Amino acid sequence: MNVPFFDLKRQYNQLKGEALPLIEKVLENTAFSGGPFVQEFEENLAKYNQTKFAAAVNNGTNAIHLGLMALNIGPGDEVIIPANTFIASAWGVSYVGATPVFVDVDPHTWNIDVAAAEKAITPNTKAIMGVHLYGQPCNIAGLVELCERENIPFLEDNAQAIGATYNGKVVGQFGSMSFTSFYPGKNLGSFGEAGAVFTNNQEYHNHIQMLKNHGCNVRYHHEIIGYNMRMEGIQGAVLNLKLNYIDGWNNKRREIVNRYQSVASNKLVFQAAEPNAVAVHHLCVVTTENKDEFLKYLDENGVGYAFHYPIPCHLQKAYAPLNYKLGDFPHSEYLASHCISLPLFPEMTDEEISRVCEVIAKY
Ligand SMILES: Cc1ncc(COP(=O)(O)O)c(C=O)c1O
């Protein structure tokens with residue numbers, strides 16, 4: 001039996017009976033861009049995330065971009081981020097003309113190393129952005145304490161961790177702002193592109209709402225130079241529906257990863273959790289010393305896999321002008337060359353989960 005790494009079609013098939021009439025409703029109301037379905041989603045999303053505000057935007061990359069603009073971060077400023085993340089964590093920093101300052105990750109949690117972040121602080125540091133990578137909360141307590149001491153904002157890239165908790169509270173409410181993505185493959189995925197910015201700060205929220213809407217609150221009254229980064233009505237309606245399911249899906253992801261972990265060969269290393277953190281496992285990444293041998297074994301046994309992420313941010317060609325080099329961040333580099341993501345999605349069948357368990361147990 002073959003087990004796919006991921007199959008997005010299954011969730012669509014489960015939901016289409018409910019989703020298609022909602023989409024039709026959006027179309028019948030010609031609520032194509034922004035509008036009532038998006039507003040309703042913003043309210044429900046803010047409640048879910050336990051923040052005062054949620055600004056719905058057209059993707060997670062732009063969520064970060066607009067958030068940094070609202071924080072008035074720009075040329076000459078630096079933002080500290082982990083080297084082991086999806087590159088979009090860094091794009092927003094570059095878009096506003098600031099410099100991403102990469103730091104290494106903790107060798108066990110694979111999330112930003114707080115001591116490394118502290119060492120990277122300069123007089124130009126304007127924020128530290130933690131990423132809850134693969135759905136595993138980073139060391140929020142350490143970062144909050146450091147940012148308070150330095151009097152700079154702590155930001156959360158929550159694109160992979162919607163619904164994960166830290167000290168019993170969902171992540172994405174600890175930072176001055178947090179950013180999420182509803183890219184279709186995410187735990188809470190849209191039927192297209194979408195994202196959001198969370199904050200408890202009314203001023204930041206208003207600024208982002210204006211920026212995403214051509215710089216106006218009142219039509220054709222453009223108070224600032226803005227963008228067109230509104231969420232589409234269809235995405236608001238679909239995400240509103242999916243919000244009802246997210247906790248169940250996240251529980252299923254945890255159950256699957258627990259099963260993998262309880263049987264896996266000791267040649268496979270899993271991501272460690274911070275104390276008091278409960279992950280939502282956007283991905284189930286493992287490392288192993290002999291990656292090629294393990295991949296061949298997975299191929300022979302029909303188990304799908306992927307790599308997240310094969311090149312750390314500091315070694316991406318796009319950031320060559322920043323002059324980082326191989327050896328700068330050994331833990332991130334080790335992960336990039338040894339990571340393998342195992343099949344993980346809530347719609348996996350029991351047979352598929354058992355098959356992956358059997359294969360990884362025998363390795
Ligand atoms: C950690 C992280 N940050 C930011 C993003 C950007 O989100 P989007 O793809 O919606 O632009 C993603 C997802 O792609 C992500 O995984």
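Two residues are in contact if their C-beta atoms, placed from the backbone, lie within 7 Å. Keep that in mind as we walk through this predicted model, in which local features need pLDDT of at least 70, side-chain atom pairs count only at pLDDT 80 or more, and totals for chains, interfaces and linings use all residues. Residues are numbered from 1 along each chain as its sequence is written.

Let's start with the overall layout. The protein splits into domain 1 (8–243) and domain 2 (246–362), with bounds from an automatic or database domain assignment. Their C-alpha centres are 23 Å apart. Where they meet, 34 residues of domain 1 are in contact with 29 residues of domain 2. On the domain 1 side, α1 (8–28), β6 (165–166) and α8 (233–243) each give two or more residues, and α1 gives the most, with three. Here helices (H or I, at least four residues) and strands (E, at least two) are DSSP runs, numbered from the N terminus.

Now look inside. The largest nonpolar core has 100 residues, and among them Ala56, Val57, Leu66, Val79, Ala196 and Val197 touch the most other members. Such a core is a set of buried Ala, Val, Leu, Ile, Met, Phe, Trp, Tyr and Cys residues joined through C-beta atoms within 7 Å; buried means that 20 or more other C-beta atoms lie within 10 Å of a residue's own. Helix α3 supplies the largest share of this core, six residues, and each domain contributes at least three. Ala196 touches Leu45, Ala54, Ala55, Ala56, Val57, Ala63 and Thr180, leaving aside residues up to four places away in sequence.

Definitions and conventions:
A residue is buried if 20 or more other C-beta atoms lie within 10 Å of its own, exposed if 12 or fewer, and partly exposed in between; C-beta atoms are placed from the backbone.
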